[in-house]
Amino acid sequence: MPSGYIFYEDNDKVGIITFNSNNDKTGLLEQTWILNKNVVPHVAIDTGEDKNICGNCKHRGKVLSLDDAIQYAHTLKPHKRRALLKRVETKRTKGLNSINVDRKCYVKTFQAPLSVWKSYKKGNYEKISLQKLSKLLTFRSVRVGSYGDPAVIPNEVWDKMLSRTLGNTGYTHQWQKCEQRYSRFNMASVDSLEEKRQANKLGFRTFRTRLASEPIESDEVICPSDKVARKGRKLVPCADCMMCSGTSSKVKKNIAIIIH
């Protein structure tokens with residue numbers, strides 16, 4: 001089997017599925033990547049072009065001109081100021097005119113997303129029909145949006161390719177603006193109880209990050225891969241849990257995890 005396929009492509013972005021990825025947290029889930037077609041992933045972060053694939057996610061950070069970034073650096077504590085100024089000079093030597101600051105997304109785009117993007121540019125991935133892909137994914141589990149927000153790809157694409165799977169995990173920060181039908185396969189990623197309640201009213205189950213001091217609500221359960229809440233008990237990988245599959249999950253409660 002090829003290492004992956006192109007399952008979606010438009011003028012500025014591409015959806016790619018890769019196989020046989022296994023890490024301690026997710027377990028064996030087939031991975032899907034939503035990438036800018038013509039911009040290197042970590043460069044897109046510094047130019048703001050990651051909006052094509054991540055929408056208005058609050059964890060994207062903000063893009064500043066290099067001159068504005070220098071001014072911003074002088075408002076920071078010494079160690080953070082030094083780090084940002086060093087980054088500014090690195091971007092300048094690479095010919096960039098802007099830089100991303102305060103990014104909170106956990107995805108390191110210079111790792112797996114960059115590797116997948118390079119393989120795509122080399123022509124290593126063939127296009128595959130959704131009908132063929134759905135058959136290929138029979139009795140497999142899929143991670144929707146390993147990088148990139150699932151809501152930037154038409155929902156019909158996910159409907160067709162996931163129709164025969166054992167299940168999926170999926171998260172969207174676009175729950176306030178995307179169609180409710182995205183809730184079938186995706187959790188609404190929220191960062192407060194207010195957002196949780198808003199998303200629930202819109203028909204989404206939620207995946208909420210919380211402080212250790214914040215209790216969970218009666219309609220929430222703790223993520224079984226939450227290192228702090230599990231208190232030394234064995235963590236359950238996503239592939240064995242599969243609660244984060246939107247409204248298609250047999251579990252109807254919302255999920256909460258302590259910020260880490």
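This is a predicted model: local features need pLDDT of at least 70, side-chain atom pairs count only at pLDDT 80 or more; totals for chains, interfaces and linings use all residues.
Me: ok, and how far does α4 reach from its first C-alpha to its last?
Reply: α4 has 16 residues and reaches 23 Å, close to the 22 Å expected at 1.5 Å a residue. The expected span is 1.5 Å times one less than the number of residues. Helices here are DSSP runs of H or I with at least four residues, strands are runs of E with at least two, and both are numbered from the N terminus.

Me: Which residues of α4 are buried?
Reply: Leu84, Val88 and Lys91 are buried in α4. They cover an arc of only 65° around the axis, so they sit on the same side of α4. The arc is taken from the directions from the helix axis to the C-beta atoms. Buried means under 20% relative accessible area, exposed is over 50%, and partly exposed is in between (1.4 Å probe, protein chains only).

Me: And which ones are exposed on the other side of α4?
Reply: Arg82, Lys86 and Thr93.

Me: What do the buried residues of α4 pack against?
Reply: α1 (41–47), α3 and β7. Contact means heavy atoms within 4.5 Å.

Me: Since α3 came up, which of its residues are buried?
Reply: In α3 (residues 66–73) those are Leu66, Ala69 and Ala73. Seen down the axis of α3, they fall within an arc of 50°, so they line one face of the helix. The face turned away from that buried side carries the exposed residues Asp67 and Gln71.

Me: What covers the buried residues of α3?
Reply: The cover includes β6 (62–65), α4 (78–93) and β7 (98–101).

Me: Switching to strands. How many residues of β2 are buried?
Reply: 6 of the 6 residues of β2 (residues 13–18) are buried, so the strand is largely enclosed by the rest of the structure. Lys13, Gly15 and Ile17 are on one side, with Val14, Ile16 and Thr18 on the other.

Me: In what sense do β1 and β2 pair?
Reply: β1 (residues 4–9) pairs with β2 in the antiparallel sense over 5 bridges, and the two form a hairpin with 3 residues between them. Tyrosine 5 stands opposite isoleucine 17 in β2. Two strands pair if DSSP finds at least two bridges between them.

Me: What about β2 and β5, how many bridges?
Reply: 6 bridges, antiparallel, with β5 covering residues 30–36. Leucine 35 in β5 is the bridge partner of valine 14.

Me: Back to phi. What's the value at aspartate 102?
Reply: About 65°, positive although aspartate 102 is not a glycine. Aspartate 102 lies in the loop between β7 and α5 (112–121) and is partly exposed, with a relative accessible area of 42%.

Me: And where is phenylalanine 139 found?
Reply: In the loop between α6 (130–136) and β9 (141–147). Phenylalanine 139 has a positive phi too, near 65°, and is exposed at a relative accessible area of 66%.

Note on methods: Residues are numbered from 1 along each chain as its sequence is written. Side-chain values use heavy atoms; hydrogens and water are left out.
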